[in-house]
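Welcome, and thanks for taking a look at this one.

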Amino acid sequence: MATTDGKHGKNDKNGVDYDVVVAGGGPVGLFLAGELRLGGAKVLVVERLAEVDETIKAGGINTAGAVSLYRRGLLPDLEAAWERNRWRMRAFLGDRDGDRDGDRDGDRDREQKQGSDAPRTPPKFAGHFAGIMMRGELFDDSDPAFADIGPADGVGLGVPQVELERILGARAERLGVEVRRGVELTGFDAGDEGVVVHLGSGGDVRAGWLVGCDGGRSTVRKLAGFDFPGTEPEITGYQAVVEMSGGERLGVGWNTTDVGTYVNGPFPGRILTVEFDGPPADRSAPITAEELQAALRRVSGVDEVTIHEVHSSTRFTDNARQASGYRRGRVLLAGDAAHVHSPFGGQGLNLGLGDAMNLGWKLAAVVRGTAPDSLLDSYTAERHPIGAWVLDWTRAQIAVMRPDRHARALRRVVTDLAQTTTGTTYLVQQISGVWQHYDLPGEHQLTGRSAPDLELSDGTRLGDHLHHGRALLLDLADDPKLRARAEGYGDRVDVVTAGCPGRPELTGLLVRPDGFVAWAADGDDRGDDLDDALTRWFVAA
């Protein structure tokens, strides 16, 4: 049961059990909970699963997602996860290149003997468009879109979702987030002053706000009455980790056939199939080895492949839908609860991390009374266009993957374009998320964009100053008048004075807690619109 009409659930604001209840303890819910705690909110996360979900899901974090995590001090965790996972991918690809007897352990030992300072550089990118792989030598990393990304560039590639969930779970625990596993939200009553959340055997809790991060089949979204328009699915896909024989007959990586598409790798036993035969009759039915084997044989044409054991498996479709708005009163949505689409291109997890980074600081400011509720209107205004783009990006890939003659002709055209420097660089821009920006007031070219990770004269980088989740006014010209404008904003805006030899034209930046530039100035610009930006986002105390 849920009500959102203001007739139920009225609580004393000072009498709530939690400022915010987050439904869903996956990466998006945990990241959002951490952001809320950084902003001073008391948070409860409820997750119906008793343990971290080991099911194979997203296999990497793009540049935009990795930068968000870096800005919260999680770069060492990402680097460690990347290091662990690169070895199993390298082992598989080495085997398939004929290096079955290669000295991979020796390579690893030699690399480790070189010490912790030995270069272990992540790739600049990894990705595909509809299974059309991009060649690294065609990528122009001098393109301005990739300037000043900083040390997070490429670090998240190959980091599985389950590892990210553990990283974010540990962070939430350090920050004091309460997480209840094995507890399912069964309903809620939302009113003008708060939300009463029903947790089945876990009883009721009173909260100021409820955020649904509970996945594509979100209970919160359905009960709250969010509309969810979109396009119907036309594929059935499987992704699994299995034990199989006859796999040496399969192609490595992405393979297109007359029936559909299959993937073998990038580590032993990982398979994916796509068939254009409509959606599955029951997505929740158990997946058997026989079902996976039949799909793999149909798509690959390799009848000798036999699946003996299934370690992890999931079905998926290309159902593409998006809530028209992400807020109804005191109920909000983030991640897959707000938008669903096919997994091609690995955009879903990264899109959800961006939602959490955008919403967290805003909702925390509303909770602690330093911002009006209207600040939350900017959440939908900024994130909805990004989500709509991702849905169209995945729809375009479905169009190119279809097995009909028209789609195959289109695929050949796209492949030709992808094999040019311009085409590869464009595709990498889109996949990496570096193109993303918000329509914010201001004329400077940086306004509304993710802040460049400037190297400062004191030896720090811009990202180092965002770990605590506060805004940053960066005075690059040692201007006391500029710094004085931040007076009255208390602990919401940190002020740092330093030079930036690499960007001498910049004199100042105001960076929001989510890392996006709210104001910037060059040269003799006196920053007349800085006051407007400060007031718009942080409201002087």
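An open sheet of 4 strands runs in the order β21-β20-β22-β23, and its pairing is mixed. β21 (493–497) and β23 are the edge strands with a single partner strand each, so one side of each has no neighbour in the sheet. From one strand to the next, the twist averages 15°; axes here are lines fitted to C-alpha atoms, for helices over the stretch in contact, with angles from 0 to 180 degrees between N-to-C directions.

This is a predicted model, in which local features need pLDDT of at least 70 and side-chain atom pairs count only at pLDDT 80 or more, while totals for chains, interfaces and linings use all residues. Residues are numbered from 1 along each chain as its sequence is written, and side-chain values use heavy atoms, leaving out hydrogens and water.

**Strand pairing in the sheet**

- Strands are DSSP runs of E with at least two residues, helices are runs of H or I with at least four, and both are numbered from the N terminus.
- Strand β20 (residues 471–475) pairs with β21 in the parallel sense over 5 bridges, where pairing requires that DSSP finds at least two bridges between the strands.
- Leu 474 has Val 496 in β21 as its bridge partner.
- Strand β22 (residues 506–511) and β23 are paired in the antiparallel sense, also over 5 bridges.
- Val 511 is bridged to Val 517 in β23.

**The hairpin and its edge strand**

- β22 and β23 form a hairpin with 5 residues between them.
- In the turn of this hairpin, Gly 515 has a positive phi of about 90°.
- Strand β23 (residues 517–522) is mostly covered, with 5 of its 6 residues buried (buried is under 20% relative accessible area, exposed over 50%, and partly exposed in between, using a 1.4 Å probe and protein chains only).

**Asp 355, in a helix**

- Asp 355 lies in helix α8 (residues 347–367) and counts as buried, at 0% relative accessibility.
- The side chain of Asp 355 reaches the backbone nitrogen of Gly 335 at 3.1 Å.
- Leaving aside residues up to four places away in sequence, Asp 355 touches Ala 334, Gly 335, His 339, Tyr 379 and Arg 383 (contact means heavy atoms within 4.5 Å).

**Asp 141, in a loop**

- Asp 141 sits in the loop between β5 (132–133) and α5 (161–175).
- With a relative accessible area of 42%, Asp 141 is partly exposed.
- Asp 141 and Gln 429 are 288 residues apart along the chain, and their C-alpha atoms are separated by 9.9 Å.

How values were computed: Polar contact = N/O pair within 3.5 Å; in protein donor to acceptor, adjacent residues only side chain to side chain.
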